[in-house]
Amino acid sequence: MGFIVFFLSFIFVAASLISADPIELIKAGELEAARRETAGAYAVNNGDGRILFGMALLENDGKSSLQFLTAASRGEISPDIQQEVLYRTALYYLCDENFGELAKLIDFYLQEWPRGEYGRELMRLGALCAIKNKASGKADRMRSTLIKEFPDNCNAFGARIDLAKDLFSQKKYSEGRK
């Protein structure tokens with residue numbers, strides 16, 4: 001009798017490990033288990049966006065992670081994971097100082113999800129990116145939108161500081177103090 005209970009519990013544990021979700025394993029801090037799970041699942045189904053996203057999270061190299069993120073965005077994933085894929089891709093472009101691609105990605109994100117989970121962060125990044133791309137009018141519009149629509153958000157506060165710094169650098173002191 002004891003053997004049967006042990007055998008059934010072993011089968012249950014083994015089945016739960018085989019069907020484990022890589023994202024949940026990563027959240028639980030079980031990175032090696034997530035690596036094994038994604039490697040096995042990737043070999044079986046290389047079009048699943050969730051698996052590719054999990055592999056991007058596990059990847060130490062930025063360029064390899066970007067490749068997985070790009071592949072994940074083409075796969076089947078839910079809108080909330082699609083938003084996170086785009087946000088992480090935007091952070092990669094920011095670190096790589098690829099402001100042209102960053103601007104395109106931010107415009108796409110804000111068009112698809114104007115009130116998305118990462119909208120405020122990307123709006124502020126978009127304003128900074130517009131300054132780098134010498135599009136100060138676009139930067140001012142993004143900052144104004146951020147300040148008006150989300151006045152209590154930390155990104156709106158940062159946008160106010162960025163705007164004041166720009167005005168002070170242009171020697172528009174009275175406008176910068178507002």
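At what angle do the axes of helix α9 and helix α10 cross? I will come to that first, after a word on the model.

This is a predicted model, in which local features need pLDDT of at least 70 and side-chain atom pairs count only at pLDDT 80 or more, while totals for chains, interfaces and linings use all residues. Residues are numbered from 1 along each chain as its sequence is written, and side-chain values use heavy atoms, with hydrogens and water left out.

Now the pair. Helix α9 covers residues 136-149 and helix α10 covers residues 154-169; their axes come within 8 Å and cross at roughly 140°. Axes here are lines fitted to C-alpha atoms, for helices over the stretch in contact, and angles run from 0 to 180 degrees between N-to-C directions. That makes α9 oblique to α10, since angles under 35 degrees count as roughly parallel, over 145 as roughly antiparallel, 65 to 115 as roughly perpendicular and the rest as oblique.

On the α9 side, Asp140, Arg143, Leu146 and Ile147 make the contact (heavy atoms within 4.5 Å). On the α10 side, their partners include Asn155, Ala156, Arg160 and Leu163.

Next, the whole chain. It has eleven helices and zero strands, where helices are DSSP runs of H or I with at least four residues, strands are runs of E with at least two, and both are numbered from the N terminus. Of its 178 residues, 38% count as buried (under 20% relative accessible area, with exposed over 50% and partly exposed in between, using a 1.4 Å probe and protein chains only).

What about the interior? The largest nonpolar core has 27 residues, and Leu102, Ile106, Tyr109 and Leu122 touch the most other members. A nonpolar core is a set of buried Ala, Val, Leu, Ile, Met, Phe, Trp, Tyr and Cys residues joined through side-chain atoms within 4.5 Å. Helices α6, α7, α8, α9 and α10 each supply at least two residues of this core, and α7 gives the most, with seven. A second, separate core has twelve residues, among them Ile23 and Ala72.

Two residues to look at. Leaving aside neighbours within four places in sequence, Tyr109 is in contact with residues including Gln83, Leu86, Pro114 and Leu122. Gln82 lies in helix α6, residues 79-95. Is Gln82 buried or exposed? At 14% relative accessibility, Gln82 counts as buried. Not counting residues up to four places away in sequence, Gln82 touches Ser73, Ile77 and Trp113.
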